Amino acid sequence: MTDLINDLPLPIDDETRRPVTKKLTAGEWVKENLFATKTSGVFTVLFALIFIQLFVFNITDALLQGEYKLGVVTNWLVNNEYEILRVNLRLWMVGRFPKEEVWRPVGAAWALCFTFSLTGGAMFESSRRQAIEAGTEPPESTPRDMLRRAWPMLALVGLVLILTQTIIPWVNAGVALGLLVAGRWIGQHLPEFVRSWAWWFPLVGLCSAIIMMQANSFLPLLATFVGLAVALVPKLLGPERPRLFRWAAMAGAMVASFLLASMLSGPLNDLVGDPGVGWDKWGGMMVNLLVAISGIVIAFPLGILLALGRRGSRTAPASNQTTIIGVICAVIGAIAFVVIFGTGTMVKPLGLIEFPFAAVGGAVIGGALGAALSLSRQSTTPLFWGLSVTFIEFIRGVPLITLLFFGDSMLLFFFPKGFDAPSQVTRAMIVVTAFSAAYIAEIVRGGLQAVDKGQIEAAQAVGLPFGKVQRLIVLPQALRAVIPAMVGQFISLWKDTSLLGFISLTEILKVSRAANSQPDFQGRGLQDLTFMFVALIFWVVSYTMSRESQRLEKKLRGAER
Amino acid sequence: MSVEDTNGGESAHVFADATQAAGTGEALITIENMDKFFGDFQALKDINLTVGLQEVVVVIGPSGSGKSTLIRCVNRLEKHDAGTITVDGVELSDDIKNIQEVRRETGMVFQSFNLFPHLTILENITLAPREVRHVPKAEAEAHAMELLERVKIPEQVNKYPGQLSGGQQQRVAIARALAMRPKVMLFDEPTSALDPEMINEVLESMLELAREGMTMVVVTHEMGFAREVADRVVFMADGEIVEVGTPEHFFTNPQEERTKAFLSQIL
Ligand SMILES: Nc1ncnc2c1ncn2[C@@H]1O[C@H](COP(=O)(O)OP(=O)(O)OP(=O)(O)O)[C@@H](O)[C@H]1O
Ligand SMILES: [Mg+2]
């Protein structure tokens, strides 16, 4: 080849350079960090003055005068008044959940602790092995790292334990900690075959937690998971089987086990006679967590669907047939969703009349979501696009508190006669989930737009069908790009659960106001203390989410560089 | 129309007919009377071109002449508006099945690589065979390693695209396209985004591919490559195929004024 330039050796420099850190003396540290430049010196002095005025003067003043000038400090710091926290601790944690049933949430928490840490350990071990095999630096996880990640949570648990009046919570927490550690260790030492199915454990944990909370009213849900497990068998047996066969097997197993369990759940319930405690009776932190988690976990796929639906209009035109299928699937899915929520499936056992509805509905949900997702290019019809846009813009245009009031009173309207109206907690969950989905949709849409068009073309060029292009190429990149925004949304959703008090759910902020109006504590200026306690709970969870998201980002960025 | 003049029956002053495939003589891609519009703007005008099995066709022409659009129509990244495109006996239409079939048989290499940044090199290459052709994992990975050997970067297999040089990335892109065992490879200026010292390594890989008998359509400004490897050179301007010929004919004895003008600019 005459014209070609000779190959030049490539300078490859993989070495990462770290800034050299040296030990500074106190004087050097002050100079370098507080008075590095003239401007920074001025600001240092300014902030110091403000700090002294705000805190030191005011506080010493208050202490010296012994007045309730700064209730925060004088009352509970000086007079040692933590009784309000002690007495109402159970109210903050579980609300009016019956005392003799508290073993249920405890058992559920144990199940979740164990299974999640099991998976965490297994996934960590897998990525470690992978890194070793690939010859890259394996990830490390020392107890110190774990402590650094978990200290806010541990501190909160510690505080709550100190406030308890009996030994039982200590035992419970001890067992939970033991399960966490044991789960992690076992997860790391599982045989490879089991490890590769580790994502399955949290589902099992979730199911057992739900069952524990509500006895057999959740059997159908459990059965769906069991069906899924059964359906995975053909996948395990032979990846060479035709896809249609695998899908049919999966769907069949799910539907069959769902139906079977639904039918059994009525008689079973008569047999056991103890359906557990429906979440309409939940309160305290449990209700904050429940609503926030549903607002994250359920809203996430919904938000993605909405985002795809809204974006659809600009891609290729659809054929009528696929459009119709897509719309029908979506509508059926939505109805099924409402039916599932609406029949008290989740608050009481299914009756013989309701179960076929719930069963069919439940079987359809997964299919409908999947179909709508894979057909969302065909959501290009104005109808689907219009639905998405209307929904998103309506929800985003109205304050959450208004939606909550609306949901509290008006939502009952949409449920057909003959079904039990969903409980107040369920209605709050529906509203918060819808609210969250709308915001997630807009965040995801931003991420979708950030994905280079070349990525889609490359994926199409290698022959990936539309659904897989979205699922394997576009969404992973889009979602990675929006992790900070997404976690920000989750955090504000978590904090927004404090609004639930306005529709008379006993979430933690409401509890603290209730506690302050108890005869024993009324008018004693303990609001600051209780609000601070509530703030701490909100902060610990928010901060943990924020830190974990940064970790995740760093990990992903490290991989791609 | 000048296309008529050059490609029609009276091909006295044309060395090779656009519709007369070289290679084994068996046609793999047939484009007939194809038009392409972007809104009101006609990007391609009455294109007729046949690419034979095992033939290497190099497409050259000034910027904006429609080279990219032409090869992007072949695997339906762009939809053509009139005429027919047939790839390995399958005619491209709105039928998604046909489109998928054609895409499975054509590999494409882009100017900007377009590797999937969130996947490792190995995953980039094995993704399509596993997801589209349902090749078992082990088999797909073995094939990927073979391909990486061929483009001479097996040691990069577990890295991410962002950790590779441009030339290495483009060679991975070639391996990724080959992993689907395509019948024809389309290249859209594969070396234009590369630093000069990396161009060669990519051209080497392409040359080797051509020697192994791969059917290729290459849009490039690398005249050395065209001269060396092409069976036929297609010159495009203003959305038309102006002249088609063997490299010899093309570089020594161009017929059309526009060809001469273009060649005098770049040579
Ligand atoms: N998506 C598009 N929308 C509108 N016009 C387009 C689009 N893509 C290409 N064109 C126009 O079509 C014509 C041909 O474009 P094309 O990219 O095929 O040229 P090219 O020969 O590949 O040029 P280059 O050498 O610069 O890559 C250009 O005038 C371009 O502006
Ligand atoms: Mg181009």
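This is a predicted model: local features need pLDDT of at least 70, side-chain atom pairs count only at pLDDT 80 or more; totals for chains, interfaces and linings use all residues.
Contact here means heavy atoms within 4.5 Å. Helix H3 of chain B, residues 96-105, lies across S6 and strand S7 (184-188) of that chain. The helix runs at about 65° to S6(B). H6(B) also packs on the sheet and touches S6 and S7 of chain B, but its direction makes about 170° with that of S6(B).

The sheet itself is open and built from six strands of chain B, in the order S6-S7-S8-S3-S9-S10. Its pairing is mixed. Strand S6 (106-109) and strand S10 (240-245) of chain B sit at the edges, each pairing on one side only. On average, and ignoring direction, neighbouring strands of this sheet are turned by 20° against each other.

Next, the pairings around S3(B). Strand S3 of chain B covers residues 56-60 and pairs with strand S8 of chain B, residues 215-219, in the parallel sense, over four bridges. Within this pair, B:Val59 has B:Val219 as its bridge partner in S8(B). S3(B) also runs parallel to S9(B), and four bridges join the two. Here B:Val57 finds its bridge partner in B:Arg232 of S9(B).

Strand S9 of chain B (residues 232-237) is mostly covered, with six of its six residues buried. Both of its faces are covered: B:Arg232, B:Val234 and B:Met236 are buried on one side, as are B:Val233, B:Phe235 and B:Ala237 on the other. S9(B) and S10(B) run antiparallel and are joined by five bridges. In this pairing B:Val234 stands opposite B:Val244 of S10(B). The hairpin made by S9(B) and S10(B) has two residues between the strands, and in it B:Asp238 takes a positive phi near 50°.

Back on helix H6 of chain B (residues 166-178), one residue deserves a look: B:Arg176 is found in this helix. B:Arg176 is buried, yet it has no salt bridge. The nearest side chain of opposite charge belongs to A:Glu457 and is 9.8 Å away, whereas a salt bridge calls for a side-chain nitrogen within 4 Å of a carboxyl oxygen. What does turn up is a backbone oxygen, that of B:Asn114, which lies 3.0 Å from a polar atom of the B:Arg176 side chain. Not counting residues up to four places away in sequence, B:Arg176 touches residues of both chains: A:Ala458 and A:Val462 in chain A, and B:Phe113, B:Asn114, B:Leu115, B:Phe116, B:Asn124 and B:Ile125 in chain B.

Among contacts in chain A between residues at least 6 apart in sequence, 78% join residues at least 24 apart.

A:Val160 gives a local view of this chain. The residue has its place in helix H6 of chain A, residues 143-163. With a relative accessible area of 14%, A:Val160 is buried, because the cut-off for that label is under 20%. Leaving aside neighbours within four places in sequence, A:Val160 is in contact with A:Leu89, A:Met93 and A:Phe533. A:Lys453, in turn, is 293 residues from A:Val160 along the chain, and the C-alpha atoms of the two are separated by 51 Å.

How values were computed
Residues are numbered from 1 along each chain as its sequence is written. Chains are lettered from A and ligands numbered from 1 in the order in which they are written. Side-chain values use heavy atoms; hydrogens and water are left out. Buried means under 20% relative accessible area, exposed over 50%, partly exposed in between (1.4 Å probe, protein chains only). Lys and Arg count as positive and Asp and Glu as negative; His and the chain ends are not counted. A polar contact is a pair of N or O atoms within 3.5 Å; within protein, one must be able to donate a hydrogen and the other to accept it, and residues adjacent in sequence count only if both atoms are side-chain atoms. Two strands pair if DSSP finds at least two bridges between them. Axes are lines fitted to C-alpha atoms, for helices over the stretch in contact, and angles run from 0 to 180 degrees between N-to-C directions.
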